Amino acid sequence: MAGKPQARTLARREEVLRAAMSVFGQRGYNKGALVEVAERAGMTHAGVLHHFGSKEALLVAVLKYRDGEEAAGVPGRAQTEGPAFLGHLLDTVTENTDRPGVVQTYTVLSAESATDGHPAQEYFRGRFAGLRDKIAGVLAEVTGREPDDEDVRDDASALIAVMDGLQVQWLLDPDAVDMPRIVEKVMDELVDRLTTRAEAPSFPRPRD
């Protein structure tokens with residue numbers, strides 16, 4: 001029995017999102033053509049535009065879809081809150097080792113978004129701001145600190161930097177980089193330092 005029109009529409013949109021994730025991941029946003037996205041999704045160029053309106057809107061939808069958010073009507077995944085979010089981050093890192101195409105898409109597009117006028121720049125700016133706030137809140141909750149504590153905010157930024165930076169290294173040499181192990185190690189160190197308030201060991205620094 002045929003599905004309802006709404007269900008069919010959402011299924012087609014998800015096919016486009018998956019196709020676009022692959023094309024943009026392989027070629028980047030600027031070189032990734034909607035014609036190729038359409039071909040991979042089994043529809044016409046006009047069909048893609050019918051569902052998403054523009055290439056820019058498709059890009060933002062792809063990024064939301066990748067993050068498990070609702071995108072163009074395609075339902076998002078349940079979001080994890082509280083201390084369990086740290087475990088969720090580790091689970092995501094582990095899952096990413098089985099989906100290099102998704103990792104490549106995110107890595108390429110996040111780097112491209114730093115260029116002037118990139119259509120995903122506001123999305124990534126907002127994503128990083130929101131993620132910093134969420135991680136800072138969780139770190140504060142599990143360590144007894146305040147979310148606006150400078151050390152907590154710095155460590156939230158550092159954790160994001162570790163996760164994203166490791167993805168580049170892993171894509172280039174996956175056998176040399178164990179992303180889940182390294183992220184867990186860094187996360188444990190940050191939580192321990194915030195909890196104990198221990199000072200980092202001294203090391204030689206450049207002279208003034």
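Me: At roughly what angle do the axes of α5 and α7 cross, and within what distance do they come?

Reply: First, a caution: this is a predicted model. The axes of α5 and α7 come within 9 Å and cross at roughly 125 degrees.

Me: Which residues of α5 and α7 meet?

Reply: From α5 come Phe 85, Leu 86 and Leu 89. From α7 come Leu 131, Lys 134, Ile 135, Val 138, Leu 139 and Val 142. By class, this contact has 8 nonpolar residues, no polar ones and 1 charged.

Me: Which residues of α7 and α8 meet?

Reply: The α7 side includes Phe 128, Leu 131, Arg 132, Asp 133 and Ile 135. The α8 side includes Val 152, Arg 153, Asp 155, Leu 159 and Met 163. The contact of α7 with α8 divides into 11 nonpolar, 1 polar and 5 charged residues.

Me: How do you know that α8 is roughly antiparallel to α9?

Reply: The axes of α8 and helix α9 (residues 179-196) come within 10 Å and cross at roughly 170 degrees. The cut-off is over 145, so the pair is roughly antiparallel. Among the residues that meet are Leu 159, Met 163, Leu 166 and Trp 170 in α8, with Ile 182, Val 186, Met 187 and Leu 190 in α9. By class, the contact of α8 with α9 has 13 nonpolar, 1 polar and 3 charged residues.

Me: How many helices and strands does the protein chain have?

Reply: There are 9 helices and 0 strands. Along the sequence, the pattern is α-α-α-α-α-α-α-α-α. The C-alpha atoms fill a box of roughly 65 × 40 × 35 Å along the principal axes.

Me: What volume does the largest pocket have, and which residues lie nearest its centre?

Reply: The volume is about 680 Å³. Nearest the centre lie Arg 66, Asp 67, His 88, Leu 89 and Arg 127, out of 28 lining residues. α5, α7 and α8 each supply at least two residues of that lining. The largest share, 8 residues, comes from α5. By class, the lining has 10 nonpolar, 8 polar and 10 charged residues.

Me: What volume does the second largest pocket have?

Reply: About 210 Å³. Its lining has 13 residues, with Arg 18, Met 21, Tyr 65, Arg 66 and Arg 77 closest to the centre. Two or more residues come from each of α1 (5-31) and α4 (55-66). The largest share, 3 residues, is from α1. By class, the lining has 5 nonpolar, 2 polar and 6 charged residues.

Conventions: Residues are numbered from 1 along each chain as its sequence is written. This is a predicted model: local features need pLDDT of at least 70, side-chain atom pairs count only at pLDDT 80 or more; totals for chains, interfaces and linings use all residues. Side-chain values use heavy atoms; hydrogens and water are left out. Contact means heavy atoms within 4.5 Å. Helices (H or I, at least four residues) and strands (E, at least two) are DSSP runs, numbered from the N terminus. Ala, Val, Leu, Ile, Met, Phe, Trp, Tyr, Cys and Pro count as nonpolar, Asp, Glu, Lys and Arg as charged, and the others, Gly among them, as polar. On a 1 Å grid over the protein atoms alone, a cavity is a set of points where a 1.4 Å probe fits but cannot get out, and a pocket is an open set with protein on both sides within 12 Å along at least five of seven lines; lining residues have an atom within 4 Å of a point. Grid points are joined across faces, edges and corners, and a volume is the space filled by probe spheres set on the points. Axes are lines fitted to C-alpha atoms, for helices over the stretch in contact, and angles run from 0 to 180 degrees between N-to-C directions. Angles under 35 degrees count as roughly parallel, over 145 as roughly antiparallel, 65 to 115 as roughly perpendicular and the rest as oblique.
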